[in-house]
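The following note comments on the structure shown below. The points are numbered so that each can be taken up separately.

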Amino acid sequence: MTLKNVKPDYWVSVGNAFFGDLETGEVISVPSIKQVGIKEDKAEQKLYGSGRVYEVVSQTTSTEITVDAIALPQDLVNAYLGRTIDGAANEQKTTDRLKEFAYGYSIMYASGKQIFKWFPRCQMTSADESISTKTADAVDPNRQYVIVSMPLDSNVVRVEYDQTLEKEGETPITEEKFFSKVLKSAAEVKTVAA
């Protein structure tokens, strides 16, 4: 048998972030992302049988997304954190309720192809702040935000489309089409393609 040599494409950069309003359907693109970290929260258990591990059962319960950005639009952050907003003024209260929204982002491959991801049901749990004095060094602003993606009623936590997996001869879905609305299933990705 002949061995097949496969050279996989590799990631080179995070792209834009996308925020979807679950009430109006409006999607906003934000080009200020520096880094995205994903940590899947899982319930895992090893099943033993006949004196050895028979199977590992793993279920994703939620996904924690850490977003490092130059900054995110402050009006969005205030709204997602449930703050009481009155024009340019806002209040942070002990009774604030986090607002649900959709979060998405793109990843660029070395070949120029992309991956697109939607997390259709999210809440922002924190937006850490720290500020230092300005010095003679160049400014490299960075803010960190934590977003938690929760499952939909259909148990979907994330919807993903990878252009490198598109069949040869097929036209890949563009970033603009994929993020034109919040997608909640793989079946909805096919409707966007059409």
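1. K42 belongs to strand β3. In this predicted model, the residue is partly exposed, its relative accessible area being 41%. Beyond its neighbours within four places in sequence, K42 touches S58, Q59, T60 and T61. With S58, which is 16 residues away along the chain, the C-alpha separation is 6.4 Å.

2. The loop that connects β3 and β4 contains S50. This residue has a positive phi of about 55° although it is not a glycine. S50 is also exposed, because its relative accessible area of 71% is over the 50% limit.

3. A second case of this kind is N155, a residue other than glycine whose phi is positive, near 70°. N155 is found in the loop between β9 and β10, the latter covering residues 159–162. Its relative accessible area is 63%, and the residue is therefore exposed. A reader who checks the backbone geometry may wish to look at S50 and N155 together.

4. As to the overall architecture, the chain holds three helices and ten strands. Read from the N terminus, the order of elements is β-β-β-β-α-β-β-β-β-β-β-α-α. The C-alpha trace spans about 70 × 45 × 40 Å along its principal axes.

5. How many residues of β7 are buried? The count is eight of nine, so this strand is largely enclosed by the rest of the structure.

6. The largest nonpolar core comprises 26 residues, and F19, L72, Y103, M124 and I147 have the most contacts inside it. Two or more residues of this core come from each of β1 (11–20), β3 (33–49), β4 (52–69), α1 (74–80), β7 (101–109), β8 (114–128) and β9 (143–149). Another core lies apart from it; this one has 15 residues, including A102, L152, F179 and V189.

7. The surroundings of M124 illustrate how the largest core is put together. Once its neighbours within four places in sequence are set aside, M124 contacts L72, V77, Y80, L81, L98, F101, Y145, V146 and I147. Of these, L72 and I147 are themselves among the residues with the most contacts inside the core.

8. A88 is located in the loop between β5 (84–86) and β6 (89–91). With a relative accessible area of 85%, A88 is exposed. Although A88 and S106 are 18 residues apart in sequence, their C-alpha atoms are 31 Å apart in space. The pair can be set beside K42 and S58, which are 16 residues apart along the chain and 6.4 Å apart between C-alpha atoms.

9. Some totals for the chain complete the description. Of its 194 residues, 34% are buried. The accessible surface comes to about 12900 Å², and carbon and sulfur atoms contribute 48% of that area. There are 22 positive and 28 negative side chains, and the centres of these two sets are 5 Å apart.

Conventions: Residues are numbered from 1 along each chain as its sequence is written. This is a predicted model: local features need pLDDT of at least 70, side-chain atom pairs count only at pLDDT 80 or more; totals for chains, interfaces and linings use all residues. Side-chain values use heavy atoms; hydrogens and water are left out. Helices (H or I, at least four residues) and strands (E, at least two) are DSSP runs, numbered from the N terminus. Buried means under 20% relative accessible area, exposed over 50%, partly exposed in between (1.4 Å probe, protein chains only). Accessible areas come from the Shrake-Rupley method with a 1.4 Å probe; for residues, only the protein chains shown count as cover. Lys and Arg count as positive and Asp and Glu as negative; His and the chain ends are not counted. The place of a charge is taken as NZ of Lys, CZ of Arg, CG of Asp or CD of Glu. A nonpolar core is a set of buried Ala, Val, Leu, Ile, Met, Phe, Trp, Tyr and Cys residues joined through side-chain atoms within 4.5 Å. Contact means heavy atoms within 4.5 Å.
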